[in-house]
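Reader: Hi! Could you walk me through this one while I have it open?
Author: Happy to, let's take a look together.

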Amino acid sequence: MILNDKKHGTSGPRNAGAVLIDQPIIRTDRLIIRPVEIGDTGLLDLHRGDARVARGTQTVPHPLPPGATEAFVRRASDPERSEDTWIIDATPCKGSPVSGMIRLKPLDRGQSDIRYWVAPDAWGAHIASEAVQAMVEANPHGCGTLFAEVFQDNPASARVLTNAGFQWLGDAETFCVARNGRVPTWTYTRKMD
């Protein structure tokens with residue numbers, strides 16, 4: 001994994017003791033994990049508008065309202081944002097420049113929450129596993145512990161986490177906007193080395 005010197009964002013206070021980071025560009029053999037750019041809007045809209053993607057996330061509605069992706073891109077680029085969002089760009093392995101998304105949300109006490117999704121045309125290509133492992137290794141928030149939560153009807157996402165060294169913490173449930181209801185989840189944690 002290679003971290004580029006080029007960074008996006010600004011330093012400054014954010015929320016609840018969290019610090020806004022300069023988002024590094026993280027490279028692996030097959031991926032470029034980079035901050036969201038305005039040019040990503042079209043492909044993000046396509047993938048976020050897919051019911052299979054929306055139903056795998058907590059916050060993406062389905063159907064996707066007009067302008068929702070543009071608003072998301074603005075929030076992801078806002079210096080006062082509450083989380084850091086990266087695009088999973090698979091062009092080095094001849095994939096899509098927007099093959100998915102990964103985000104880190106700072107929590108308190110040196111902890112962060114990681115979430116991700118991959119576009120259906122990239123399912124089975126181990127892109128999520130590579131992106132999550134790269135984010136763990138880069139640890140751009142410098143956190144001591146990462147948390148993650150996946151829907152219990154998505155065991156592939158659970159395997160992504162366990163392959164990256166996450167340990168099962170327990171069962172819970174959370175609201176899914178696209179499903180308009182509460183969904184059982186598995187919660188995972190990973191102590192950073």
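**Chat notes**

Author: Let's start with Asn180, which is exposed, with a relative accessible area of 64%. Do keep in mind that this is a predicted model.

Reader: OK, and what is phi for His126?
Author: For His126, which is not a glycine, phi is positive, about 65°. His126 sits in the loop between strand 8 and helix 4 (127-138). With 59% relative accessibility, His126 counts as exposed.

Reader: Switching to peptide bonds: is the one from His62 to Pro63 cis or trans?
Author: That bond is cis, with omega near 0°. Pro63 belongs to the loop between helix 2 and helix 3.

Reader: Now helix 1. Which of its residues are buried?
Author: In helix 1 (residues 41-48), the buried ones are Thr41, Leu44, His47 and Arg48. They cover an arc of only 135° around the axis, so they are on the same side of helix 1.

Reader: Why would residues three or four places apart point the same way?
Author: Because an α-helix has 3.6 residues a turn.

Reader: Nice. And which exposed residues are on the face turned away from the buried side of helix 1?
Author: Gly42 and Leu46 are the exposed residues carried there.

Reader: What covers the buried residues of helix 1?
Author: The cover includes helix 2 (51-54) and helix 3 (68-77), along with strand 6 (84-89), strand 7 (100-106) and strand 8 (111-118).

Reader: Let's go to Ala90. Buried or exposed?
Author: Ala90 counts as buried, at 0% relative accessibility. Its place is the loop between strand 6 and strand 7.

Reader: What is Ala90 in contact with, leaving aside neighbours within four places in sequence?
Author: With those left aside, Ala90 is in contact with Arg30, Leu31, Gly95, Ser96, Ser99 and Ile127. The C-alpha atoms of Ala90 and Ala122 are separated by 9.0 Å, and these two residues are 32 residues apart along the chain.

Reader: Last topic, rings. How many aromatic pairs are there?
Author: The structure has zero aromatic pairs.

Reader: Which ring does the charged end of Arg52 sit over?
Author: The charged end of Arg52 is over the ring of Trp123, 5.6 Å from its centre. Arg179, in turn, lies over the face of Phe151, at 4.8 Å from the ring centre.

How values were computed: Residues numbered from 1 in each chain as written. Predicted model: local features only at pLDDT ≥ 70, side-chain atom pairs only at ≥ 80, totals over all residues. Heavy atoms only, no water. Phe/Tyr/Trp six-rings, centres within 6.5 Å; stacked < 30°, edge-to-face > 60°. Lys NZ or Arg CZ within 6 Å of the ring centre and 35° of its normal. Buried < 20%, exposed > 50% of the residue type's maximum accessible area, 1.4 Å probe, protein only. Helix = DSSP H or I, 4+ residues; strand = E, 2+ residues; numbered from the N terminus. Arc of directions from axis to C-beta. Contact = heavy atoms within 4.5 Å.
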